[in-house]
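Look over the sequence and the model first, then read on.

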Amino acid sequence: MSTAWRVATLAAVVVVYYWFGKTLLFRGARRLAAATRIGPSHWGTAQRADVFELAAAGASHVLVVAALLAVTGIGPGMLVSGLARPDLLALGVLLGVGELALGSLLCRALIELSLARGARARTRPARRTAGAAGAGERRAADSANRRAAGAGVRGALLGARTRGVVGRGDRGALGPVGAPAPPGSARRSRTAADPADQGQSLRSWLGRSRGGWIRHHLTSLKVLPLWAALGLTGVQVASEELVFRGVALTWLREAGPLVALTTSIVLFVLMQAFFMSSWQGAMFPVVGGIVMGVVHGLVFWTTPLVVPLVVAHVVFFVFAVI
Amino acid sequence: MSPIPSPEPLHLVPADTRPLLTATVVVLGLASMTVASHLHTRWSGLRRLPMLALHTGVCALALLGGGALLGTGVLRPVGGAWVPGLGSLAAGLLAGLLLGPLVAYAATRADRSLTRWWGSRAGHAVRDDRSVTLRSGRARPAGVAVSASTTRRTGLIEARNNFAPTSADLRVRLSLLLTVAVAEELVYRGVLTGLALRAGSTAAVVAALLGVQLVFAVSHVFFGWGQVLSKLPLAGLCAGAVLLTGTVLPAVLGHALFNLWVWRYHRARPSTAGRVRTGAPMWGAAR
């Protein structure tokens, strides 16, 4: 089979199984959760559905790995390569922690960039709206704002900080429709550009990251016994490692590092974005997938031992979701 | 002749272990402060262990792996010097001793200028320009201000990637800040620079060197973009000094003196936290 056919086959596996196949699996799991009461009685339907979806994904993933091994002719020895090397397994644990940290550092930088741009964008329309408002409304708003500033801000802040805060409070006192500001709005209007406000925004970003397929793992960790939750998560992410490093890079080794690594990384990152509810939520698995795809791809290309990378992947995931 | 002298290749670790160990050292070294922030928000923050102590511990781990890979190359990452005449160890050390204070002075001036510019651009004062005497006055917040000043989002098992440092995180003993400086320089300018110089082609080496300095600056994103920007000169000056002299000594010396300046600045700031609240007894407060 030529290199192009092999790349096309792997791409087809990603689209057919990871997108269409999992869509059907998840739909069936949700219907099963709604129609039956399998599991402890205190589980809600949504929790039951999340656990079922993760179990279905894990079981089907094992079948996909077996099918790929049969199709590609890669021996089952690849599944346990590196298992007898405790030093490499220990390095895999540290690698997983480091990869998660590097991925989250990049995500944090992107979030902070987005927040900084958003803060500037929020302050500009407020100023334009204030300029378009009628003079009477503006005078009323200024009066209300001065009262608020006098009551709330004066005396609480000193020196240069006070000048900056009150100035910004005056400008931002008019609301989006130019209505007079209620008492106390001088302080609230400041928070749009206040670094202290980023805690809430950061939390909302992190909240979005817990949706999509990540929700399956979070729910399982909450409602299942720890061994069962870690087992389900382990099967799922270990299968991903076997597909995208063990099978893909071994099967494409003859095509050279550029084709093999590019195919593995692109398909792996693409798969991470499936079933996430928004691009903000998808950013976390995508950035983590880029870090892991590059690092694991280079390591496996140099030393084709898959079990230490499976350990790193599992540790990455467990450290990310707990 | 290659424009960038290539150090000796890595032979200290078995060939099948080397790629995984190298990858582990690189990601742990690059993200050492982020690992520390994760551990801090989940575990050590509740036990009042400073984040910088964890950061030092993670750096030590990366240094251990780097030592296994590079040996004494951690201290002499370039394997010579880019300036003719400084190739010997004695000449490199002497040049490092002379260059270190200059690096610290230039980095301090650049840091001060950049943080002031960033503060004026953002419309608030980043630095307190009052005299040390006034800044270290006896007036302290009281009542509600004291109780609210050290609040932090910690303790949730799911809390991740939302580390927000307080002044107490930087208000630590001088010895810890100096240890952080040594550990960071040995990791970033020793191990990671040494590995970057072995990246292969000239373009890859230049990209890796620039990437290491950029990630060093971005790792300060928890303290705000102003701090990221102001750490770029420190990273560039330290890396330049290491490449010029061949040893990591000027970077260690320069960063240690830079952190001494940071320590003096934070010690002189009015405390918003009581003496008891600022850390575990083993680390204590700066003052």
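## Cavities, a pocket and a helix pair

Helix 1 of chain A gives the largest share of the lining of the second largest cavity, three residues. The model is a predicted one.

That second largest cavity holds about 120 Å³ of space. Its lining has 13 residues, and the closest to the centre are Lys22(A), Phe26(A), Trp213(A), Gln236(A) and Phe275(A). Helix 1 (3-35), helix 2 (45-72), helix 8 and helix 9 (226-251) of chain A are the elements that give two or more residues to this lining. By class, the lining has eight nonpolar, three polar and two charged residues.

How many cavities of 30 Å³ or more does the structure hold? There are four. The lining of the largest cavity divides into 14 nonpolar, nine polar and two charged residues.

Next comes a pocket. The second largest pocket has a volume of about 530 Å³. Which residues lie nearest its centre? They are Val294(A), Val295(A), Leu298(A), Ala23(B) and Val26(B), out of 16 lining residues. Helix 3 and helix 11 of chain A each supply at least two residues of this lining, as does helix 1 (18-30) of chain B. The largest share, seven residues, comes from helix 1 of chain B.

The table sets these spaces side by side.

| Space | Volume | Lining by class |
|---|---|---|
| Second largest cavity | about 120 Å³ | eight nonpolar, three polar, two charged |
| Second largest pocket | about 530 Å³ | 13 nonpolar, two polar, one charged |

Now turn to chain B. Helix 3 of chain B covers residues 51-70. At 1.5 Å a residue, its 20 residues should span 28 Å, and the end C-alpha atoms are 28 Å apart, so the two values agree. Just after this helix, Gly71(B) takes a positive phi of about 65°.

Two packed helices are described by the angle between their axes and the distance between the axes. Helix 3 of chain B packs against helix 8 (residues 174-196) of chain B at an angle of about 35°, with the axes 9 Å apart. The crossing of these two helices is left-handed. On the helix 3 side, the residues in contact include Leu52(B), Cys59(B), Leu63(B) and Leu70(B). On the helix 8 side, they include Leu176(B), Val180(B), Val187(B) and Leu195(B). By class, this contact has 15 nonpolar, six polar and one charged residues.

Key:
Residues numbered from 1 in each chain as written. Chains lettered and ligands numbered in written order. Predicted model: local features only at pLDDT ≥ 70, side-chain atom pairs only at ≥ 80, totals over all residues. Heavy atoms only, no water. Helix = DSSP H or I, 4+ residues; strand = E, 2+ residues; numbered from the N terminus. Expected span 1.5 Å × (residues − 1). Axes fitted to C-alpha atoms, helices over the stretch in contact; angles between N-to-C directions. Left-handed = near helix turned anticlockwise from the far one by under 90°. Contact = heavy atoms within 4.5 Å. Nonpolar A, V, L, I, M, F, W, Y, C, P; charged D, E, K, R; others polar. 1 Å grid on protein atoms, 1.4 Å probe; cavity = no way out; pocket = protein on both sides within 12 Å on 5 of 7 lines; lining within 4 Å. Points joined across faces, edges and corners; volume = space filled by probe spheres on them.
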